[in-house]
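Please work through the following exercises with the sequence and the three-dimensional view at hand. Each task is followed by a solution in steps.

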Amino acid sequence: MQIKLSALTIHEAQDLLAQGETSSLELTTAIFERMAVVEPKVAAYITENKEQALIQAAEADAMRARGEGGALCGIPLAIKDVICTKGLRTTAGSRILENFIPPYDATVMEKLQGQGAVCVGKASMDEFAMGSGNENCAYGTPHNPWNLDHICGGSSGGSAAAVAADECMASLGSDTGGSIRQPASHCGMVGLKPTYGRVSRFGLLAFASSLDQIGPITKDVRDAAIMLNAIAGYDPRDSTSAQVDIPDYTKALVTGLDGLTVGVPEEYFGAGLDPEVEKVIRHGIDQLKAAGAQIKTVSLPHTEYGVAAYYIIAPAEASSNLARYDGVRYGRRDMKADSLIELYKRSRSQGFGDEVKRRILIGTYALSSGYYDAYYKKASQVRTLIVEDYRQAFSACDVLVSPVTPTPAWKIGEKASDPLSVYLSDLLTIPANLAGVPGMSVPCGFSAAGLPIGLQIQGSHFSEETLLKVAYNLEQGLHIVGKKPIL
Amino acid sequence: MFDLGGAEKTLKKRNTMSISKEEVMKVANLARLELSLEEAESMTGQLSTILGYVAKLDEIDCRDIAPTTHVLAIENAFRADEMKPSLSQQEALANAPLQNGEAFVVPRII
């Protein structure tokens, strides 16, 4: 049987590389051959990096021959276009950064390259990571590989679609309110948002700094552990990164959940949850029970306030972070402006898309004189209540298990005129960002129409090992990994 | 319990406390954005809807609750004050849309 190289997981490719059965150059070439076939349909990338990737692959093969390189040596990866890649255009999905060539690498890129990983391209995303369907990208909307009429999710939509379509072996995304977990769920992939501070944000173009976190999207749970091993850790260049020991996450992948208590938060199964999603998730919970876990209903009473608090806090931070795009040091500039204020206004108005403008306006309003207490302060107080909800829940259970989203992926364009209904679709992923806890999406089943449905696992701060263990047992119980979309 | 239908109903009720077009224009000026009349109209409607929903937070009495701005207990992340390699002038200027080889160029200010 001929092995389809582009379809391999990271750990399968590692085995073949170790045995000398393939090379990084072969793997990387296979990925670009696959891209040539499916990218016209999926549109997962903003920028392909073929020339450099083939050079990196040859270097990785040389590293391996010398007995050097890390676990990801020679593995072709996609990187969300919000993570700075030295010398490789980084747009954040925005016109304002159409020509931006970062002069430095993000810490996660240094770590991946240190291992010898190959960057095949910059994945599509909602502009500045603001969106849930990847429909706010200035360079086009990617399509869900399972059904091209549907969104692949967002904001890391391209990162999820590229993995699902075998256009890379794994990818990096970023998650501010669900942007790794939601697209992973919609594309049938594994997505992991680490604890806030687990992974350095240095070189991640900032959206909402108290919520943003980088993490992997992969084909299976083992690959997620391998990727987290590569990118986790304290970084002196990110003062919010945590000085907490990093285990070998692949060691957490053991069968059996005896002694583990899984909490099922009742608020996550409220009215508005698609019955198909509920059925799939309940089936997943049964698998965890069969693996030995004790199942317990728990309550996180402030869940319903998460979206409202988030849509004050995230835009407030964004309005401040995005002030740097002023047409002076980098990015788009209106060359005709003859005063500084005109230069700012015109450059920003031409460069930003509607959703970004909308959030800058909300954020500026919420922070403006006279409204600060009513909006930003209030939202920050509600954030405390949400943090407290989690603390209470984790005194009664080890992990929380729920849907990732209330519905499977919607049709492209369906919610174009209704931003609030898009915001509300993130109500099950937002609380984890507000509390900084890790969250994971694991493929759990499909809707009748054949769209993937993911199960969310959340844990207390720095409990990624437990999340991975639960995810691994779910994966073992379900046997749906390896099912591929037909493209 | 989350109830998307219910949320939309609450919202319509609250829409009375909406933001005006003049306020939107004022905020746009603070944010250094220029909105066309059409943009200002549609943003006013959308912002009113969103702020109407956000007013849901008023259901909670927060008087004695401390705000959270950071979820991890990291305080004073100090480092030694040492010289380290940094971007060269040319690298720092490389992405500037207008520069003169030494500095960023902006319209005359004074």
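**Exercise 1.** What percentage of the 110 residues in chain B is made up of buried residues?

*Solution.* The model is predicted, so local features need pLDDT of at least 70 and side-chain atom pairs count only at pLDDT 80 or more, while totals for chains, interfaces and linings use all residues. Residues are numbered from 1 along each chain as its sequence is written, and chains are lettered from A and ligands numbered from 1 in the order in which they are written.

Step 1. A residue is buried if 20 or more other C-beta atoms lie within 10 Å of its own, exposed if 12 or fewer, and partly exposed in between, with C-beta atoms placed from the backbone.

Step 2. By this criterion, 22% of the 110 residues in chain B are buried.

**Exercise 2.** Which element of chain A gives the most residues to the side that touches chain B?

*Solution.* Step 1. In this interface, 61 residues of chain A are in contact with 47 residues of chain B.

Step 1. On the side of chain A, two or more residues come from each of α9 (306-321), α10 (340-351), α11 (354-367), α12 (373-393) and α13 (419-424). The most are given by α12(A), with ten residues.

Step 2. The residues on this side of chain A comprise 31 nonpolar, 17 polar and 13 charged. Here Ala, Val, Leu, Ile, Met, Phe, Trp, Tyr, Cys and Pro count as nonpolar, Asp, Glu, Lys and Arg as charged, and the others, Gly among them, as polar.

**Exercise 3.** Examine the backbone at A:Ala92, A:Phe128 and A:Ser155.

*Solution.* Step 1. A:Ala92 is not a glycine, yet its phi is positive, about 55°. A:Ala92 lies in the loop between β2 (76-80) and α4 (107-115) of chain A and is buried, with 31 other C-beta atoms within 10 Å.

Step 1. A:Phe128, also a residue other than glycine, has a positive phi near 50°. A:Phe128 is placed in the loop between β3 and α5 of chain A and counts as buried, with 30 C-beta neighbours inside 10 Å.

Step 2. The peptide bond from A:Gly154 to A:Ser155 is cis, with omega near 5°. A:Ser155 belongs to the loop between β3 (118-123) and α5 (157-164) of chain A.

Note on methods. Contact = placed C-beta atoms within 7 Å. Helix = DSSP H or I, 4+ residues; strand = E, 2+ residues; numbered from the N terminus.
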